[in-house]
Amino acid sequence: MFPHIDNLLDLLVKSQTNSLLALFNTDTLRPIAIQKLDMLTQELWYPGISRDINKYIGKISTPSYLAKSLTLLEQYQIHLDLTVSYSIIGGHTPVVDYLLNLSSQDYKSLRSKRIMYLNQLVSSDGNYLLTWEEVKRLNNNNFKGPKPKWFNLLENDFTLSNYRTLTYPLTDNYSIPARLQNIPEQTIGSHKKLNEWTYHWNASIQNCIIGKTYLQDTDTRSSISIMEHYIPINNSLLAIDLSFQSSCSSPLILVPCSGCHLNDHSLILQDARIRCTISVRTNRLSVFNTFHRSNQEHKKYANLSLKKYFVSTKPLHFIRYSAHSIYLAQHNINTTLSPSTLMPTNSHSSNSDDIIKHLTTTIQSAVTRDIKMIT
Ligand SMILES: [Zn+2]
């Protein structure tokens, strides 16, 4: 397979590549592989395998086996892409990508405070840096000690004004095909919405959230929707009435949430009847419809004596499934299951012999070009 190996380092690269491929592509070894990935994530404080691992490796005093192997392969310009969904929820801009010159002390501080993403430190529209007090509250953690160095760095070097505007606001670096996501219409300004129903996936509770938009606040860079939280009623209520069992899929009947931990107390609305309010970036939302009050589909649940209810035109399982797929697409998680867990980039072949062949050529061409750099 490697006909021209005449260098010890090449031999090492070959053996490392083989062991990694074996580790990630053997069913019985896969749990160990995932564990090693967890360790790597903990080490580099970066979710998954970074595009250029060499940038971060210097911050680790005793790198793990996986970190060392990946660094070696990276020197040969071989990058390994995971085909299983390995991700850490909570955001998509790693702090270590935003602040490039962190010390190992800063890494230690971020790790101990469980802060991995910039999304944990900024306003929900991605434009403003929160205060340290707000960061503590948002992350449900009363960190002891003074404000960390890396946070001072953000405050001093990465904000523009007294209003804590970020120099580089977080942008949504994804685009979802329209067939998947039906984003609410956006117009500049602050608008009340009368009949806009949306759903989105909430990663921390691993469920979809349904809401009726109250207000949409849009400027040229971002848009936020403030919504009243609605929850599905327990379908066992319906089972009591036999007449509903005839329908093949159970209807999604929504009632206002009377207040849960998602409620954002900082939002003060004009309407005091709203008990649970959530604010979300508008381009994470998908719209759906409910039946008009005069529609038979709505009227037929009148005898449930609910004070206020709406009936979705789509069933709950559809909305849940759709919310989750959009979430996965937004986070660039590949959901197609492949027989192999780890594949070299640019190789579309699932045959491991082909992968090895591909690697051989890649290594050989890299060796001839870069051998001086690594010796
Ligand atoms: Zn709620």
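Modeller: Let's start at Gly58, which counts as exposed because its relative accessible area is 66% (buried is under 20%, exposed over 50%, partly exposed in between, using a 1.4 Å probe and protein chains only). Keep in mind that this is a predicted model, where local features need pLDDT of at least 70 and side-chain atom pairs count only at pLDDT 80 or more, while totals for chains, interfaces and linings use all residues. Residues are numbered from 1 along each chain as its sequence is written, and side-chain values use heavy atoms, with hydrogens and water left out.

Gly58 sits in the loop between helix 3 (54-57) and helix 4. Helices here are DSSP runs of H or I with at least four residues, strands are E runs of at least two, and both are numbered from the N terminus. From Gly58 to Leu44 it's 14 residues in sequence and 9.7 Å in space, C-alpha to C-alpha.

Now follow the chain into helix 4 (residues 65-75), whose axis comes within 10 Å of that of helix 1 (residues 8-25), crossing at roughly 125 degrees. Axes are lines fitted to C-alpha atoms, for helices over the stretch in contact, with angles from 0 to 180 degrees between N-to-C directions. That makes the two helices oblique to each other: under 35 degrees is roughly parallel, over 145 roughly antiparallel, 65 to 115 roughly perpendicular, and the rest oblique. Among the residues making the contact are Leu9 and Phe24 of helix 1, and Tyr65 and Leu73 of helix 4 (contact means heavy atoms within 4.5 Å).

Next, the zinc ion. Its protein donors are His229 (ND1), Cys257 (SG), Cys260 (SG) and Cys276 (SG), at 2.1 to 2.4 Å; donors are N, O and S atoms within 2.8 Å of the metal (3.2 Å for Na, K and Ca), and sites may look incomplete since water is not among the atoms. The donor residues are spaced H-x27-C-x2-C-x15-C. His229 belongs to strand 5 (residues 223-232) and Cys257 to the loop between strand 6 (253-256) and strand 7 (277-281), so this pair ties together parts 28 residues apart in sequence. Both His229 and Cys257 are buried.

Zooming out, the protein chain has 12 helices and 10 strands. Buried residues account for 46% of its 375 residues. Of the contacts between residues at least 6 apart in sequence, 66% join residues at least 24 apart.
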